[in-house]
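I opened the structure to look up a few surface and packing features. My entries are set down below in the order in which I checked them.

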Amino acid sequence: MKRRSWGLTAVGLVLTAVMLFPVYWMVNVSFTKASDMRKSPPNLFPVDGTLHGYTVVLQQQLPFLGTSLLIGLGTVALTLALAAPAAFALAKLRPRGGGVLSFLLLIAQIIPAIIMAMGFYTIYVRLGILDSIWGLILADSTLAVPFGVLIFTAFMAGIPDELLQAARIDGASTWRTFVSVVLPVSRNSIVTVSLFSFLWAWSDFLFANTLDGGGDLKPITLGIYAYIGNNNQDWNSIMATAVIASVPAAVLLVLAQRYVAAGVTAGAVKD
């Protein structure tokens, strides 16, 4: 039995190494000089490394990182503002047609993003909000809100009705009960929805590429294309940009891991 456990651990380590190898290679190339890029075989470690890529990125890409940060935080705020009250209504107020709405939210999860992007493009051109931060926040929220409602609904459905009834007996209105009772106990689901909403907005390329009209308000996923041309690819700067852009996502995942695990599994086990 112990030998089998060691075998499974070894298999797990090998699979983990295979999945993490692209991340390692990204970091390796970010420190590799341009003159060493075409060596055969390539260096597995940046023996004679350089910080040129990171210097270029910090000089040129900070505005794009700031734009991505604004879009990510805006998407989180809009998603929480829409998803949490909607989920509370579905889980506890049980409005007529709630089952149909939940089904439509599931359907919304499978609509290809490219179809939504083309629809947004037509609408944004008419409204004059193409190439705007608010436009990208709204577009990214269309992916995050249905997911957020489903996560919140699963969690809030498990909140004891007696807790809400006690608040009403004390004179709290429905909205006050939601704000003062339901939201504080929904911390895990709030962190989960916030994290996934931010990551979707932070890593979005399709909406950004479709809805960006060529202005200066580019997120980092488009800023990286400044180093890609028809006859030249600055891989050192490309990979350095990718490393820097990955840091916020990695930090958030590590910090929120415990809350995400609890939030995603909410409602899966019943007493």
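**Entry 1: the model.** I noted at the outset that this is a predicted model.

**Entry 2: nonpolar patch.** I looked for nonpolar side chains on the surface and found a patch formed by Val100, Leu101, Phe103, Leu104, Ile107, Ile110, Ile111, Ile114, Ile115, Met118 and Leu206. Together these residues have about 1,000 Å² of accessible area. I then asked which helices supply at least two residues each. They are helix 4, residues 98-108, and helix 5, residues 113-127. Helix 4 gives the most, with 5 residues.

**Entry 3: Leu101.** I selected one member of the patch, Leu101, which lies in helix 4. Its relative accessible area is 40%, so I recorded Leu101 as partly exposed.

**Entry 4: Leu163.** I located Leu163 in helix 7, which spans residues 161-169. Leu163 has a relative accessible area of 38% and is therefore partly exposed. I also checked Leu163 against Leu90: the two are 73 residues apart along the chain, and their C-alpha atoms are separated by 17 Å.

**Entry 5: helix 3 and helix 8.** How are two packed helices described? I used the angle between their axes and the distance between the axes. Helix 3 (residues 62-93) and helix 8 (residues 174-185) pack at about 100°, with axes 12 Å apart. Helix 3 is therefore roughly perpendicular to helix 8. On the helix 3 side, I listed Ala84, Pro85, Phe88 and Leu93 as making the contact. Helix 8 contributes Thr174, Phe178, Val182 and Leu183.

Terms used: Residues are numbered from 1 along each chain as its sequence is written. This is a predicted model: local features need pLDDT of at least 70, side-chain atom pairs count only at pLDDT 80 or more; totals for chains, interfaces and linings use all residues. Side-chain values use heavy atoms; hydrogens and water are left out. Patches are made of residues with over 30% relative accessible area and no salt bridge: like charges are joined within 9 Å, nonpolar side chains (Val, Leu, Ile, Met, Phe, Trp, Tyr) within 5 Å. Accessible areas come from the Shrake-Rupley method with a 1.4 Å probe; for residues, only the protein chains shown count as cover. A salt bridge is a side-chain nitrogen of Lys or Arg within 4 Å of a carboxyl oxygen of Asp or Glu. Helices (H or I, at least four residues) and strands (E, at least two) are DSSP runs, numbered from the N terminus. Buried means under 20% relative accessible area, exposed over 50%, partly exposed in between (1.4 Å probe, protein chains only). Axes are lines fitted to C-alpha atoms, for helices over the stretch in contact, and angles run from 0 to 180 degrees between N-to-C directions. Angles under 35 degrees count as roughly parallel, over 145 as roughly antiparallel, 65 to 115 as roughly perpendicular and the rest as oblique. Contact means heavy atoms within 4.5 Å.
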